[in-house]
Amino acid sequence: MQRNDINTHILDHLVHLSPPTTLSEVTRQFEELGFRVIPGGVHAGGLTENALVILSDGVYVELISFTHPITHYPPNTPERHLRESHPWASKRPGWIDYAFLGTGSTERGKGVSERINERAKIDGAGQLYDKEVEGGRTRDDGQVLKWLISAPVSSLRNTAGLPFFCGDVTPRGLRVPFDPISNTHHPSTAKGIAYLKIVTTPSSFSRTKRHITLITGTKPKAEGEGEATWLVMSNPIQEENRNLEPRLMVKVAGEGEERSYLENRGITDDEDGGGGAAIYEVGFRVTRGSKAGVEMSPHARISWIVEERLIL
C-alpha cells in the first residue's frame, strides 16, 4: 500500500455512553427506539463493557458503560488511577465520541497517525495524533479481539470534536458481527448513518474545520458562515447501501438548546472555558412511513431521516 492510498475518512462507529452499570438498561432503551442490539463484551482491563447496534451501511453504534463507578475502586490504588484517568471518565452520558476506520498497522507509511501528522506538518498545524496503541476486548463467546487505536493528542482529545481511529488486527467481522445479516435488520428500518452533527463554540469553529479537513484529507463538500459539511465513507455490508455516504456536519452552536448543550458539558468561550466542540445529534436513515422527527435515547438526540429528504 502506498502512503497516498491510506483512506482516513471511513466512518467506523459512534460511541454512546450511559451511566456506570447501566448497559442492560440502555440496551432496552435502544430496543424500544427500534434498534436491534447485540451483545458486545468487556474491554481489555475490565473498566468498560459494551453492546452493539450494527447498521447495513457497515457503521455501528457502540453502547458503552463503565462496569463500576469510580467509588468501587479503593483510593490510591492502581485500579482507581486507571478508572479516574480513562479518557471518558468525566464525560456526560450521551454521544461522546466517534471513530474512523484505521489500518491496523504501525508499519512505516501505513499508520493513520503518521499520515495525518504529515498533512498537519505541511499545513503548519502541529502534531494532531499520537502513535497507535493496542486495544481489544473479549466477546461473550470468549473470542478475543485486537485492534490499534490512533487518538488525537491530549490537548485535542476531549472537547475538540475530532475522531479517533480504530484499526483491526483481528478481522473486522469479529468486532462488527454482521453475520447473520439479521443483526443489521432493525424494527425502525434504520439502514445507516445519515449525518453526525457536531456543534462548536464560535471561537473553535475555524480550528475544528481546519483539523477535520486535515484528518479526512478532503475539503468540505458544502460550507457557509459558521458551518461546513464533509461527505465521508462507510463500509457497506450490502451492495444496495454502497452509495450511502454519511455527512459529517460541523456548525457554530446556535442560541438556545445547542449552546446550552455545550455549556452543560463545560464547553464555553468565556474566561473559564477555552472553547471546543461536541457531538450534538446523530441522524439515521430510515424508509418512508417508519420513523420521523427527533427522539431521545434518553441521553442523546436521535433524528430519523427519510432518504429522499437528505439533500446536501
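Author: The account below goes from the domains to the strands and then to the salt bridges.

This is a predicted model, in which local features need pLDDT of at least 70 and side-chain atom pairs count only at pLDDT 80 or more, while totals for chains, interfaces and linings use all residues. Residues are numbered from 1 along each chain as its sequence is written, and side-chain values use heavy atoms, with hydrogens and water left out.

The domain assignment gives domain 1 (11–175) and domain 2 (186–306); such bounds come from an automatic or database domain assignment. Taken over C-alpha atoms, the centres of the two domains are 18 Å apart. Domain 1 brings 44 residues to the contact and domain 2 brings 49 residues, where contact means heavy atoms within 4.5 Å. Between them the domains bury about 3700 Å², of which 65% lies on carbon and sulfur atoms; buried area is the accessible area (1.4 Å probe) that two parts lose on being put together, summed over both. Leu33, Asp57 and Trp95 supply 20% of the area that domain 1 buries against domain 2, more than any other three residues.

Strand S5 (residues 94–101) is mostly covered, with 8 of its 8 residues buried. Buried means under 20% relative accessible area, exposed over 50%, and partly exposed in between (1.4 Å probe, protein chains only). Strands (E, at least two residues) and helices (H or I, at least four) are DSSP runs numbered from the N terminus, and two strands pair if DSSP finds at least two bridges between them. S5 runs antiparallel to strand S1 (residues 11–18), joined by 6 bridges, and parallel to strand S8 (residues 164–168), joined by 3 bridges.

An open sheet of 7 strands with mixed pairing has the order S10-S11-S12-S9-S13-S15-S14. Its edge strands, S10 (222–224) and S14 (293–296), each pair on one side only. Strand S9 (residues 192–200) and strand S12 (residues 247–252) pair in the parallel sense over 6 bridges, with Tyr195 facing Arg247 as bridge partner. Helix H5 (residues 205–216) packs on this sheet, touching S9, S10, S11, S12 and S13, and its direction makes about 10° with that of S11. Axes here are lines fitted to C-alpha atoms, for helices over the stretch in contact, and angles run from 0 to 180 degrees between N-to-C directions.

Side chains of opposite charge can pair when their charged atoms come close. A salt bridge is a side-chain nitrogen of Lys or Arg within 4 Å of a carboxyl oxygen of Asp or Glu, and by this rule the count comes to 16. Across the interface of domain 1 and domain 2 the rule finds 1. Asp123 pairs with Arg210, the closest N and O atoms being 2.7 Å apart.

Glu223 and Lys209 also meet in a salt bridge (2.3 Å, N to O). Within helix H3 (residues 112–123), Glu118 and Arg115 lie 3 residues apart, about one turn of the helix, and their side chains form a salt bridge (3.4 Å, N to O).
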